[in-house]
Amino acid sequence: MSLLEPLLYPLIGAVAIIAVSSLARGRGLLYCLIAVSSLTASLAALLHLYTALPVAFTLDGFLPPNGVQLYLDSFGAFMALLFVGIGILAAAYSFKYMADDDGLEKYYALLLLLVAGLLGVAAAGDLFTLFVFWELMCISSYALVSFRNYRWEPVEAGFKYLVMSTVGSITALYGMSFLYGITGTLHISELVSRMPAVATPEGYFALVLIFAGFGVTSAIVPFHTWLPDAPPAAPSPVSALLSGVVIKAGVYATFRIMFTIFKPASYDFGLLLIVFGAITLTVGNLLVLPQRDIKRFLAFSSIANVGLILLAGGVAAYVLHAYDYTTAAAIASLALSGAAFHILNHAVGKGLLFLSSGCLIHSTGTRDIAELEGIARRMPWSGGAMSVGMLNLGGIPPLGGFWSKLLIMMAPAALLQDPLMAVCVAVMILNSLLAAGYYVWLTQRLVFKNAPAKAIREAPFSMLLPVVLLALACVAITLLLPSVIGFVSSAILPLMA
Amino acid sequence: MVDVTYSALLPAVLCWTIPVAGAFATLGLSKVGARARDYGAVLTSILAAISAASLLPLLPSEGLPIDIRFDWVTLPFSEMPLSIGAGFLIDPLSIILCNVVSVIGSLIMVYSLKYMEGDPSLTRYWFFMNLFLGNMLLLVLSDNFVQMLFGWEGVGVCSYALIGFWHSDSKEDWLKCWVGEGKESCPPSHSGMKAFIMTRFGDVLMLMGVFLLIVALGTANFLELQNGAASVAGPYKFLLLPAALLIFGGAVGKSAQLPLMEWLPDAMTGPTPVSALIHAATMVKAGVYLVARVFPIFYIALVADPALITFFQVVAWVGALTAFVAATQATVSTELKKVLAYSTVSQIGYMMLGMGVAGTVAEFYIGYAGGVMHLMSHAVFKAALFLSAGAVIHAVNSRFMYHMGGLGKKMPLTYVAMLASSLSLMGMPVFFSGFWSKDMVLESALLAGQYPLLMLGLLTVSVTCFYTVRMLGLVFHGKPSEHQAAEAAAGHLHLGDPSPKMTVPYQILAAATVAMGVTGYFQREWLVKLFAGYYSGIFALGHIEISEGLMPQLFTAALSTLFLLAGAVPAYLIYFRGRTPPQSGLLSSIRNLLFRRYYLNALYYALFVNPTMWLAERLYSAMEVGFFDRLNAGIAAAARSASSKLRKSHAGDLNYNVLAFAVGLALLMLIILVVVIW
């Protein structure tokens, strides 16, 4: 079993769908089956690899430090599992949701390419590979956002995403070129050892460029402007992927490069992450409040959650830089575990919310919250599952979102005498309040208002199944809390080295 | 010796699991159909009665007690290794009690079929009725305190839900489902709450008592407690008396004895079958059962700590005083069910009296058997009284006795049933069960030489007879009230005996009380032998020579008959013959005192309820409205204004978006410059 397999299956699947489509036109079910089975194969391969981490794959005759390499450690595997997991559910969900669309072979092929890109980012052993898969991910997601190109909104959103993301990619690439200039290699483990131990201005320059560049995809304010438009315009399964996992790929790449290449002990980027994290968190949360479009509502909440994850990373980087390692290690690993746990919670929760809101939109044809009031009374399964997701991300105990926010908050709270940490705690608490407020508010609107007068049918089974599975996953995360925390804290170990 | 096998003991488990399972089955059956649900619920209670009855053959057995035990919890880290088992104790007391509960309970369930017909919330009704029965049976059959508390609290919860069953507090039906008049009237939801909270006071005391007892004796199992009581270790000996008194606190709450009796008269807001169930078969009997259950423990412990005699004296005095006080209140009540409620409190006082007196003498078996026998006979005649009262209230659409009158001719079957059970309540000699059981309690007081208690008991007989005759006179004799005429004019009145589904249960019960009266003497002898024989083994006394003469019995009978007439005759003259009662200022102020319940109820409201509510309202307006609401509104307003300002920056123009990217990058550079230079 090689590391190539999980990556190869979705790529083969994408090619297979296109190939089959020339023989069997417009067979949504067939394409969907190919997509789901290739992703499932990929998941199985990943799970098989999971016991043997870290694993690497190189091409014969093209060896590092010059050649390309795939490399998967526990952090990458954690992300890869999330990517494929949400990918499978989104693909399965698409079968009914996209049933009335044309060009489904392109849709499923793009979906598989998107997941393949995500997997490649998680499994990249050098910055070149990372960038290639990054672009694969980005380009397929532009196309998916604009998939319903007969309407203006998706086209505009897709174009905006394209421009913003390209600017970001170029910036990040520019930053990587600096790294190459400093060390003469793009290979991550080589970079780690070759980077000078003392911070240099060129190093900082590279760091900022990479942070800003990947910041577009991870939707850090002020680079986030594509996100409020793209997921709402995209079909719901694509929104779930974008908001649930694509932006996490940005966070992953940022954390990976910052924590391993620019070590927090050498480069003082904690403040940077804290400032941008706090701004992102606050702006995201505040802008949720005026939204009437349920998907924009969720999109802004995604921005806020990325902000929280970034803030947690900032706290970790800050304590690792400012305090001696023995004090800092425990707090930093707490913060990073919290961040990883929140990545998990948000991926599952936001995936659930976008898919279940897709059910509502599919049945009612509207995204307006005012028109969706009391809808859960007509659609108890979708509405019930959605409530679980809303309460989860609202941080209502005992669901997982509460625990991950608590873990993140405990880290700076352990150093309250440090004014910066105290400010972090205050910002987190205030924002948790906002998040709890608007999610409970949304739950109340959707669930407890009087049911709409017109007859509305519950979503079909194949759409409900992924939604209910995700809701069960939310509950399962709560019930398996000790082992989940063990899992995430082992996942972030590569960042702590 | 009965062949005791597993299959013979299975009913002890089934007895309470069937109603509990039935309660949950009701929820499912309600989806099948209304008839399936109703008859299913009744069927489960009948099955419970059958399994209880199948324990009866064990009764005279020498093999008792049987304790079926399972391991449950072992408390770690405690100084004493305390292992709490789960289990079922089968002894004469639990067999008798579970039969009383389930047999009368199932008759009440049959009656409910018709009485509650058409109620929109029947699923809830059946659910809680069966759960109530199941919890009561669990309580009675448990072999240790901890498990018993589950049943105990379950009974409490179900009583809350059933007393407040008509929780919408409909003003239209206030003649039927409220309780009290004027300032002291209260709706069902209030009564349910009141019952729950007042019994909770007793429960807390009891819990403390149970803890003390566990500390003193190191176990929660009843049989082990009995065994350990004789040789309780020195340092913990002083805990026994407080433990006993605190546990009695639980009984006082549940059985509505002084000073925690105030919840029970108000509990009449529940549907009549609920009242019957609470008063006749379950709930209030739990307190008597508890005293009977701990009786052997403390009776044995008397050897180790003679101070425990105080416990038995307290039980006896509380019982006697409650019997008298509650009976006097019944004499002025205007509501039919409330008369019966006060009467229940009063009769339970007798049972407590019997139990208490029994503990002070060597011939404990007269008082103990008397208490248990009165429990049985009261359960039967009070159930009959309540069910027939329900029929009356159903017919005239009012709970007030001044809305009734002259019903004897129109509802003959109901009248006969009520008459028979009333005579039993009064203790009419020889043919009615109440006579035998009440006299046995009085006799035990006589034998113990407790003359003040005997006197109180006898006075209570007079008062009981007075209010019972008054009740019969007001309801069934005299002229029909104007209310009836008004109801008839409005077409709401359906005077007459109800359908057999309702009459048959209370006729069976009325017939049973007569049958128990006719066989009273043998029943008495049987119970005395049963308990004397059973406890002689437990108390390690060897064979007890049952010493009971005929003389005390005859003497008590003569005395009680005398007091019976002293109470019944004036009432007969006033309420049947229409004589004008004597008028005087003293009498009317006594009447007022009684009507206001000795101001005890008002006192509780003034001492506990009103200050608490006052404080809560102050806290609400100061903290909730004054501080938290404003804080919340402030946070919300701040967030809203910040978001509306921020929103202007998100116009969605791509040019500005790219510009924002550039600005962000510049900002980043700036931060880095600061960091690098600094």
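How many helices and strands does chain A have? Chain A has 20 helices and two strands; helices (H or I, at least four residues) and strands (E, at least two) are DSSP runs, numbered from the N terminus. This is a predicted model: local features need pLDDT of at least 70, side-chain atom pairs count only at pLDDT 80 or more, and totals for chains, interfaces and linings use all residues. Residues are numbered from 1 along each chain as its sequence is written, with chains lettered from A and ligands numbered from 1 in the order in which they are written.

**View 1. Helices H16 and H18 of chain B pair up.** The axes of H16 (residues 412–426) and H18 (residues 451–476) come within 9 Å and cross at roughly 170°. That makes H16(B) roughly antiparallel to H18(B) (angle over 145 degrees). Tyr415(B) and Leu419(B) are among the H16(B) residues that meet H18(B), where Thr464(B) and Phe476(B) are among the partners. Contact means C-beta atoms, placed from the backbone, within 7 Å.

**View 2. Ile104(B) sits in the largest nonpolar core.** Such a core is a set of buried Ala, Val, Leu, Ile, Met, Phe, Trp, Tyr and Cys residues joined through C-beta atoms within 7 Å; buried means 20 or more other C-beta atoms within 10 Å of a residue's own. Of its 215 residues, Ile104(B), Leu137(B), Val291(B), Ala383(B) and Val392(B) touch the most other members. Helix H15 (residues 364–396) of chain B gives the largest share, 23 residues.

**View 3. Another core lies apart from the largest one.** This core has 212 residues, among them Ala172(A) and Ile492(A).

Technical notes
Axes are lines fitted to C-alpha atoms, for helices over the stretch in contact, and angles run from 0 to 180 degrees between N-to-C directions. Angles under 35 degrees count as roughly parallel, over 145 as roughly antiparallel, 65 to 115 as roughly perpendicular and the rest as oblique. Two residues are in contact if their C-beta atoms, placed from the backbone, lie within 7 Å. A residue is buried if 20 or more other C-beta atoms lie within 10 Å of its own, exposed if 12 or fewer, and partly exposed in between; C-beta atoms are placed from the backbone.
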